[in-house]
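Biologist: I am new to this structure and would like to go through it with you. Could you put it on the screen?
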Amino acid sequence: MLITHDTRCALDAVVGLVNTAPGDGHSDGLGDVTALRAFVDAHGVSDVGRLGEADLAAVLGVRERFEAVFAAGDLGDAARVINELVAAAGTTPRLTDHDGFDWHVHYFAPGASVADHLAADGGMALAIFVVAGECERLRRCEAPDCANAFVDLSRNRSRRYCSGRTCGNRLHVAAYRARRREAAG
């Protein structure tokens, strides 16, 4: 599946946003406006000015909708959530070449709120997966103690963990040690 740079950036922001949600003993990664600013900066979200409590509340609402896409049971459910998300953001496709990147499409209007920006660009990036019939690539980590979201961009759709270095490696080492204990008697 061919993913352009801007789509990949939008997907990374979607996954990052979903993974800020509290759960499994983790606190909310977007607990305040300072955390939202750190998220915006870490994901290189462009055209974002001053942030306030209203922005935080709106982004938390967008996060819930993105979580619903990852939890969708089928393409129709995912499409419905994405359509609602993108429509509410008031998408306005436009070409841009900011920050040294080649021409690409932004789906948010100039001056849009950070929530509308994330909803529009992220929603359109997720829409690519619906159109391609590839929603199964929007996954949750299979490690028992992790529920992080990720997008499986492997050729054979075989990725099971959010990170091969952490969750995948930890489970493979545990399985290896269990086999060694069993073999030892």
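Biologist: Which residue caps the N-terminal end of α2?
Modeller: Please keep in mind that this is a predicted model. The cap of α2 is Asp 32, with a side-chain oxygen placed 3.2 Å from the backbone nitrogen of Thr 34.

Biologist: Which residues of α2 are buried?
Modeller: Helix α2 covers residues 33–42, and its buried residues are Val 33, Ala 35, Leu 36, Phe 39 and Val 40.

Biologist: How wide an arc do they cover around the axis?
Modeller: The arc is only 155°, so these residues are on the same side of α2.

Biologist: What does the face turned away from the buried side carry?
Modeller: That face of α2 has the exposed residues Thr 34 and Ala 42. Thr 34 is also the residue whose backbone nitrogen faces the capping oxygen of Asp 32 at 3.2 Å.

Biologist: And what do the buried residues of α2 pack against?
Modeller: They pack against three helices: α1 (5–18), α3 (53–71) and α5 (114–131).

Biologist: What about the stretch just after α2?
Modeller: Gly 44 is found there, with a positive phi of about 60°. In the loop between α2 and α3 there is also Asp 47. Its phi is near 60°, a positive value in a residue other than glycine.

Biologist: Is Asp 47 buried, exposed or partly exposed?
Modeller: Asp 47 counts as partly exposed, because its relative accessibility is 48% and the exposed class begins over 50%.

Biologist: Let us change topic to α3 and α4. At what angle do their axes cross?
Modeller: The axes of α3 and α4 (residues 75–89) cross at roughly 160° and come within 9 Å. The two helices are therefore roughly antiparallel to each other, since angles over 145 degrees fall in that class.

Biologist: Is the crossing left-handed or right-handed?
Modeller: α3 passes α4 in a left-handed crossing.

Biologist: Which residues meet there?
Modeller: On the α3 side they are Val 62, Arg 65, Phe 66, Ala 68 and Val 69. Their partners in α4 are Ala 78, Arg 80, Val 81, Ile 82, Glu 84 and Leu 85.

Biologist: Moving on, where is Arg 157?
Modeller: Arg 157 is in the loop between β4 (149–151) and α6 (164–184). Its phi is near 55°, again positive in a residue other than glycine. With a relative accessibility of 35%, Arg 157 counts as partly exposed.

Biologist: What does Arg 157 touch, not counting residues up to four places away in sequence?
Modeller: Arg 157 touches Glu 134, Glu 136, Arg 137, Arg 139 and Asp 152. Its side chain is joined to that of Glu 136 by a polar contact of 3.3 Å, and to that of Glu 134 by one of 2.7 Å.

Biologist: Is Glu 134 buried or exposed?
Modeller: Glu 134 is buried, with a relative accessible area of 10%. This residue lies in the loop between α5 and β3 (138–140).

Biologist: How far apart are the C-alpha atoms of Arg 157 and Glu 134?
Modeller: They are separated by 9.5 Å, with the residues 23 apart along the chain.

Biologist: What else is Glu 134 in contact with, leaving aside neighbours within four places in sequence?
Modeller: Besides Arg 157, Glu 134 is in contact with Met 1 and Phe 129.

Technical notes
Residues are numbered from 1 along each chain as its sequence is written. This is a predicted model: local features need pLDDT of at least 70, side-chain atom pairs count only at pLDDT 80 or more; totals for chains, interfaces and linings use all residues. Side-chain values use heavy atoms; hydrogens and water are left out. Buried means under 20% relative accessible area, exposed over 50%, partly exposed in between (1.4 Å probe, protein chains only). Helices (H or I, at least four residues) and strands (E, at least two) are DSSP runs, numbered from the N terminus. The arc is that of the directions from the helix axis to the C-beta atoms. Contact means heavy atoms within 4.5 Å. A polar contact is a pair of N or O atoms within 3.5 Å; within protein, one must be able to donate a hydrogen and the other to accept it, and residues adjacent in sequence count only if both atoms are side-chain atoms. Axes are lines fitted to C-alpha atoms, for helices over the stretch in contact, and angles run from 0 to 180 degrees between N-to-C directions. Angles under 35 degrees count as roughly parallel, over 145 as roughly antiparallel, 65 to 115 as roughly perpendicular and the rest as oblique. A crossing is left-handed if the near helix is turned anticlockwise from the far one by less than a right angle, and right-handed if clockwise.
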